[in-house]
Amino acid sequence: VQLQASGGGLVQPGGSLRLSCAASRSLFVINAMGWYRQAPGKQRELVATIISGGTTDYLDSVKGRFTISRDNAENTVYLQMNSLKPEDTALYYCNAAPTAAIQAMGGGYFGQGTQVTVSS
């Protein structure tokens with residue numbers, strides 16, 4: 001599976017961005033889609049997951065601010081990020097995995113990252 005992420009950029013604290021991830025394979029056959037992020041000097045962390053039934057899960061620090069969604073017809077996953085904070089600054093990676101458990105362990109396929117910078 002090839003994944004193409006886009007939508008990153010520079011935004012002021014409190015602002016919003018929407019990341020998109022286009023998959024080369026139909027999302028109808030991919031169970032778990034998600035977004036990871038990695039800030040300089042920090043470990044990669046799983047930010048949000050959505051499975052084929054629509055169930056979502058989020059990193060505690062982004063709950064209530066980020067929303068993950070998937071459009072199976074368009075083979076695209078989105079991450080709507082609101083109320084952004086400087087600590088959200090990182091390289092964001094799209095991930096596709098056969099199960100949420102495999103995704104949580106860092107398995108599956110990764111796309112290239114898209115940079116999100118939150119700064120005034």
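Tutor: Buried residues make up 42% of the 120 residues in the chain. Buried means under 20% relative accessible area, exposed over 50%, partly exposed in between, with a 1.4 Å probe and protein chains only. The model is predicted: local features need pLDDT of at least 70, side-chain atom pairs count only at pLDDT 80 or more, and totals for chains, interfaces and linings use all residues. Residues are numbered from 1 along each chain as its sequence is written, and side-chain values use heavy atoms, with hydrogens and water left out.

Student: What makes the radius of gyration agree with a compact globule?

Tutor: The radius is taken over C-alpha atoms, and the globule rule is 2.2 Å times the number of residues to the power 0.38. For 120 residues that rule gives a value near 14 Å; the chain has 13 Å, so the two agree. The C-alpha trace spans about 40 × 25 × 25 Å along its principal axes.

Student: How many helices and strands are there?

Tutor: The chain has 1 helix and 11 strands. Both are DSSP runs numbered from the N terminus: helices are H or I with at least four residues, strands are E with at least two. The order from the N terminus is β-β-β-β-β-β-β-β-β-α-β-β.

Student: Why are C21 and C94 called a disulfide?

Tutor: A disulfide is a pair of cysteine sulfur atoms within 2.5 Å. The sulfur atoms of C21 and C94 are 2.0 Å apart, so the pair qualifies. The pair links distant parts of the chain: C21 lies in strand β3, C94 in strand β9 (residues 90–97), 73 residues apart. A search of the whole structure finds 1 disulfide.

Student: What is the handedness of that disulfide, and why?

Tutor: The torsion about the S-S bond is about -85°, so the disulfide is left-handed.

Student: Are C21 and C94 buried or exposed?

Tutor: C21 has 0% relative accessibility, so C21 counts as buried. C94 also has 0%, so C94 counts as buried.

Student: Why is β9 described as largely enclosed?

Tutor: In β9, 7 of the 8 residues are buried, so the rest of the structure largely encloses this strand.

Student: Which strands pair with β9?

Tutor: Two strands pair if DSSP finds at least two bridges between them. Strand β4 (residues 32–38) pairs with β9 over 7 bridges, antiparallel; there Q38 stands opposite L91. Strand β11 (residues 114–118) is joined to β9 by 3 bridges, also antiparallel, with T114 as the bridge partner of Y92. Strand β10 (residues 109–110) has 2 antiparallel bridges to β9, and F110 is the bridge partner of N95.

Student: What makes β1 and β7 edge strands?

Tutor: An open sheet of 4 strands runs in the order β1-β3-β8-β7, with antiparallel pairing. β1 (3–6) and β7 each have a single partner strand, so one side of each is left without a neighbour in the sheet. The pairing of β1 with β3 (residues 17–23) covers 4 bridges, and A5 stands opposite C21.

Student: How do you know that N72 is buried?

Tutor: Its relative accessible area is 19%, so N72 falls under the 20% limit. N72 is found in the loop between β7 (66–71) and β8 (76–81). Leaving aside neighbours within four places in sequence, N72 is in contact (heavy atoms within 4.5 Å) with L27 and F28.
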